Every structure is written in C-alpha cells, then in structure tokens.
Amino acid sequence: MLQYVRKGDFLGKNNDKTNVMRILDQKKIPYISHEYLSTGAVSGPEVARALGEDPRIVFKTLVTVGKTGTNYVFVVPVEKELNLKKAAQASGEKSIAMIPQKELLPLTGYVHGGCSPIGMKKPFAVTIDESAARHDRIIFSAGKIGYQVEVALADLGRVVDFKLADIAE
C-alpha cells in the first residue's frame with residue numbers, strides 16, 4: 001500500500017499542489033508525487049529516466065476523437081505508442097484519431113505534456129493499457145508539466161472510471 005509520501009520540498013505549501021493532487025487528497029487516495037522540473041526532461045522516456053523509474057510503469061495520457069465525434073482518453077506506457085486500430089476496437093469506434101494539440105487545452109483543461117486522466121473538464125471514457133495490471137502502481141502526469149503522481153491502479157479506479165485493454169504497440 002502506498003503512503004502519503006511526497007518527494008521534494010516543492011509540496012511544502014498547499015498552493016504548490018496540482019489539481020490532480022488535490023483531487024487525490026480529497027478522495028483520501030494515497031499517492032507519491034514526483035517533480036522533474038530541473039531535469040529538462042521532455043519526452044516520456046526522458047521523464048522516466050529523470051524520475052529514476054522503470055519506463056514500463058510511467059504512462060502518458062492521450063486524448064483522441066472517434067469517427068462519431070466522441071472523445072476518448074487512452075493511457076499507455078511512455079515507451080509505447082497508442083495503436084489506433086486497437087484503440088478504436090476498445091472504444092467501439094470505426095476509427096480513432098489524435099485530437100489536434102490546439103484543441104487539448106479547451107477540451108480537457110490540460111496542456112500537451114501535462115495531461116492527466118484525473119481532473120479533466122468533463123468525464124471521458126478512459127482506457128488504460130492492460131500492461132498496467134502487471135504493476136502494483138503506475139506513474140502519470142499530475143496535470144502540470146514537471147509533476148507526476150504514482151498511484152496504485154486499484155486506487156486510481158476510485159477516482160477515474162476506466163477499463164483495461166490491449167491498446168499499445
């Protein structure tokens with residue numbers, strides 16, 4: 001079981017918490033927060049290295065649109081890519097496409113590189129790659145570039161309704 005452990009002194013003040021961290025606190029969900037601002041990490045694998053974590057437990061959040069116009073959120077390991085055919089199949093769509101980057105902030109409230117499955121402006125169907133089930137915890141964006149949270153998958157299910165599927169390649 002994870003404890004309320006926070007790495008770095010940046011969380012000493014309540015206003016340094018991200019909205020994702022506040023939601024986790026409110027729901028009494030244990031998490032570990034990570035900060036990598038000073039490392040210059042940009043890509044997912046760079047973030048995993050900066051955190052000193054196995055890239056198989058560090059995940060990225062991707063927002064898509066289906067042929068029907070419905071938006072979907074997919075969470076995949078940072079060293080993998082979203083397989084759009086598998087994503088479409090998992091969501092019951094004929095096809096899935098990534099949304100244009102300029103649409104991300106107005107749609108979700110998050111910027112590219114800081115998108116989290118927790119705390120979006122409105123709820124979307126969330127699918128997490130089935131590989132997450134092989135780990136007791138996963139790490140993903142805390143909703144702001146430079147910040148990540150580490151949460152047990154079972155605990156994540158208490159705040160985000162998601163399903164697991166084979167969606168990465």
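## Exercises on a predicted model

K17 is buried, with a relative accessible area of 16%; buried means under 20%, exposed over 50% and partly exposed in between, using a 1.4 Å probe and protein chains only. This is a predicted model, in which local features need pLDDT of at least 70 and side-chain atom pairs pLDDT 80 or more, while totals for chains, interfaces and linings use all residues. Residues are numbered from 1 along each chain as its sequence is written, and side-chain values use heavy atoms, leaving out hydrogens and water.

**Exercise 1.** Locate K17 and find the side chain with which its own side chain makes a polar contact.

*Solution.* 
- Step 1: K17 sits in the loop between strand 1 (5-6) and helix 1 (19-26). Helices (H or I, at least four residues) and strands (E, at least two) are DSSP runs, numbered from the N terminus.
- Step 2: The partner is the side chain of D25, at 2.4 Å. A polar contact is a pair of N or O atoms within 3.5 Å; within protein, one must be able to donate a hydrogen and the other to accept it, and residues adjacent in sequence count only if both atoms are side-chain atoms.
- Step 3: K28 counts as exposed at 63% relative accessibility, and has a positive phi near 55° although K28 is not a glycine.

**Exercise 2.** Work out which side of helix 3 (residues 84-91) is buried and what packs there.

*Solution.* 
- Step 1: The buried residues are A87, A88, A90 and S91. Viewed down the helix axis, they fall within an arc of 165°, so they line one face of helix 3; the arc is that of the directions from the axis to the C-beta atoms.
- Step 2: K85 and Q89 are exposed on the other side of helix 3.
- Step 3: Strand 4 (71-77), strand 5 (96-98) and strand 9 (162-165) are what the buried residues pack against, where contact means heavy atoms within 4.5 Å.

**Exercise 3.** Give the strand order of the open sheet of five strands and identify its edges.

*Solution.* 
- Step 1: The order is 5-3-4-6-9, with mixed pairing; two strands pair if DSSP finds at least two bridges between them.
- Step 2: Strand 5 and strand 9 are the edges; each has a single partner strand, so one side of each lacks a neighbour in the sheet.
- Step 3: Strand 6 (residues 125-129) runs parallel to strand 9 over four bridges, and D129 has A165 of strand 9 as its bridge partner.

**Exercise 4.** Describe the burial and pairing of strand 8 (residues 147-151).

*Solution.* 
- Step 1: Five of the five residues of strand 8 are buried: Y147, V149 and V151 on one side, Q148 and E150 on the other.
- Step 2: Strand 2 joins strand 8 by four antiparallel bridges, and strand 7 (residues 138-141) also pairs with strand 8 in the antiparallel sense over four bridges.
- Step 3: V149 is the bridge partner of S33 and of F140.
- Step 4: Five residues separate strand 7 and strand 8 in their hairpin, where G143 has a positive phi near 95°.
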